[in-house]
Structures are given as C-alpha cells and as structure tokens.
Amino acid sequence: MPSNSKLSSSRSARDGRRNALVWCGVIICTLLTLAVIIAGIVIFVGYLVMHPRVPYVSVINAQLDRIQIDHFNGFLEIHVTIIIRARNGNRLAHATFLHSNYTLSFEGEDIAQLVAPAFEVNKNSSVDFNYEVQSSPIPLGPEQADQVEAGFNKDLITFGLKGGARVRWKVGRLGPLEFSCHLDCRLHFHASNLSYVPSSCTSKAK
C-alpha cells in the first residue's frame, strides 16, 4: 500500500505540473491575441482619424507655343510648355516627391526628359512645375511626316507623356509610407491655334 500511495502522489504531481504549463500556454496565447487585436484597433482608429490620402501628380495645363515642319529637309521643331502639379491632400503630414522623371514623345520618338529634384509639398497643399521644352530639329521619316500632316488636317496634334515620381510621407505613428506615382497619357493640342485640349492625365486613383 505505501508504494501505491507514493506512485499515486508522483503521478498527481506530474499531472499538476502539466496542467500548470497548459494553463500558462493558454494565458500567453490569450494575451498575444488581445495584443494583436488592440494593435489592430489602434491602427484602424488612427486611420479613421488621420484619413491618409495618397499624394499624386497630374497635368493641369499645357500650351503648344510653336510647331513648325520643314518639308524640304524633313525636320520638325516644337516649343511646348507642360504644367505638372504635385498634390498632397493629407491634412496632417508633409509629403516628399523623389525621382520625378517624365518622357515627352512625338510620333513614337522621345524628344525631351522632364526632371525635377526632390521637393517637399506641405500639408493639404500642392506644387506646380512648369516644364518648357524647346526641341532641336527632329528628323522625320516619310511616314512620320505624313502623320504630322494628317494631324494638321484634323486640327489635332498629339504628344505622349510617360513617367512618374516616388512619394514618401509619414502618417502619425503608423510610420512612413512610400508610393509610386505614374503618368501614361496623351496630350492633345489644336493645330489651328496651338491651344491645349483638356483631358485627364493623373496618377490619382479613379
């Protein structure tokens, strides 16, 4: 009988230790789950309060100052101004735009690189960049020359604009965010008076 009593006591002690470890594990898992839930609630509430908005870039205006074609030598000369706006709609955070680089093309030929150094846009504000392009004579093949003539006849001259920038901003305690702004659009001008035909050219999500 004494030996059975000792065996029973030893088994009970082991079971007690096992149960204690199980309960410790349950408590730790519960605490971790609560911590994750609380962190999620804090982030969600912070998002609702700050309502962060992704900064974006867009073409707000342009002007074709001059376009001249030399039929004899097969050259084209242009002078165009493009205004690109960097917009930061966040009420509580500044935004930094980096690596701004856009390529202007005409009839499939790249004619200019529009670049800007890193710059900052204040809270709920915007910065406009006037890019003025005065090209050297652009050689045209017969097909390209025909397309230019067709554009004059239709009273519509079209350029391509492609590129973008990296934007970085901080949303309170949620930490820094980084996003790419991309433009890929066509800019149309009337050949008769060289005026810009307004159209949507923006990186802002629709």
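So, the largest cavity: about 40 Å³ of space lies in there. A cavity here is a set of points on a 1 Å grid over the protein atoms alone where a 1.4 Å probe fits but cannot get out, and a volume is the space filled by probe spheres set on the points, with points joined across faces, edges and corners. Keep in mind that this is a predicted model, where local features need pLDDT of at least 70, side-chain atom pairs count only at pLDDT 80 or more, and totals for chains, interfaces and linings use all residues. Residues are numbered from 1 along each chain as its sequence is written, and side-chain values use heavy atoms, leaving out hydrogens and water.

Searching the whole structure turns up 1 cavity of 30 Å³ or more. Lining residues have an atom within 4 Å of a point, and for the largest cavity they include Val57, Arg85, Ser100 and Phe119. β2 (75-88) gives the largest share, 3 residues; strands are DSSP runs of E, at least two residues, and helices are runs of H or I, at least four, numbered from the N terminus.

Now the pockets, which are open sets with protein on both sides within 12 Å along at least five of seven lines. Of its 18 lining residues, Glu107, Ile157, Thr158, Phe159 and Arg186 are the closest to the centre. Which element supplies the largest share of that lining? That's β8, with 6 residues.

The second largest pocket holds about 190 Å³. It has 11 lining residues, and among those nearest its centre are Arg53, Tyr56 and Lys204.
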